[in-house]
Amino acid sequence: TSGGRNGRRTPGEPHNRYTIIRLLAGSLFLYYLLNTIFVAVGADLNRKLSFYNTHTREHLTVIYKKGDYYVPEALEKINYILRDHRTGLAHPIDPKLMDYLYDLLTEVGNHGEVHIISGYRAPETNTKLRKRSKGVAAGSLHMQGKALDFRLPGTDTAVLRDKALAMKQGGVGYYKKSDFIQIDTGRFRRC
């Protein structure tokens, strides 16, 4: 019989074929399990946003962040779709604003298309809007690419406001009559 003393394999003896099959099966199972976990975790680390600009009627869907890495090409596209539609000027949008938005969409369970009311605002645009409305701040964070006015079809703006306030990640404004909210990366406050 194979197996040396007491049925045990001695060094240098070949493995029993069933042992080899069990080792291979276990290795394949472990490979499958680790690969499944890697794919699932990788998918969760990719942050995707979809936008619709209500003024220019442009659409954009991008993965703007992979893990801790912001995707420069995606941020450039976001800068463009969030440009001042009155002047055509684009400005760098604070990536933390996109994180705030993504986290808010996760909180409300709706990663649908974000309808943009206002992103970046050129100083001259902000001045014009201030003459027409008391709700426009002289030092608006829109001029720094740190504020976003939007609505999210399928989610009530009051719910968006409440969730954003509970998150305490930045400023939150609510404009019931116009049906949109503002979020910004300034200090936590009601705007």
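Select helix α5 to begin: its buried residues (under 20% relative accessible area, 1.4 Å probe, protein chains only) pack against α3 (95–108), β5, β6 (171–175), β7 and β8 (189–190). Contact here means heavy atoms within 4.5 Å. Helices (H or I, at least four residues) and strands (E, at least two) are DSSP runs, numbered from the N terminus. The model is predicted: local features need pLDDT of at least 70 and side-chain atom pairs 80 or more, while totals for chains, interfaces and linings use all residues. Residues are numbered from 1 along each chain, and side-chain values use heavy atoms, without hydrogens and water.

Within α5 (residues 157–167), highlight the buried set, Thr157, Ala158, Leu160, Arg161, Ala164, Leu165 and Met167. At the start of α5, a side-chain oxygen of Asp156 comes to within 2.7 Å of the backbone nitrogen of Ala158. After the helix, select Lys168, where phi is positive, near 55°.

A pocket is an open set of points on a 1 Å grid over the protein atoms alone, with protein on both sides within 12 Å along at least five of seven lines; lining residues have an atom within 4 Å of a point. Of its 24 lining residues, Arg121, Gly135, Val136, His142 and Asp149 lie nearest the centre. Strand β7 gives the most to this lining, three residues.

Finally, select Arg83, His85, Ile117, Ser118 and Gly119, which lie nearest the centre of the largest cavity among its 15 lining residues. A cavity is a set of points where a 1.4 Å probe fits but cannot get out. About 70 Å³ of space lies in this cavity.

Notes: Buried means under 20% relative accessible area, exposed over 50%, partly exposed in between (1.4 Å probe, protein chains only). A polar contact is a pair of N or O atoms within 3.5 Å; within protein, one must be able to donate a hydrogen and the other to accept it, and residues adjacent in sequence count only if both atoms are side-chain atoms. Grid points are joined across faces, edges and corners, and a volume is the space filled by probe spheres set on the points.
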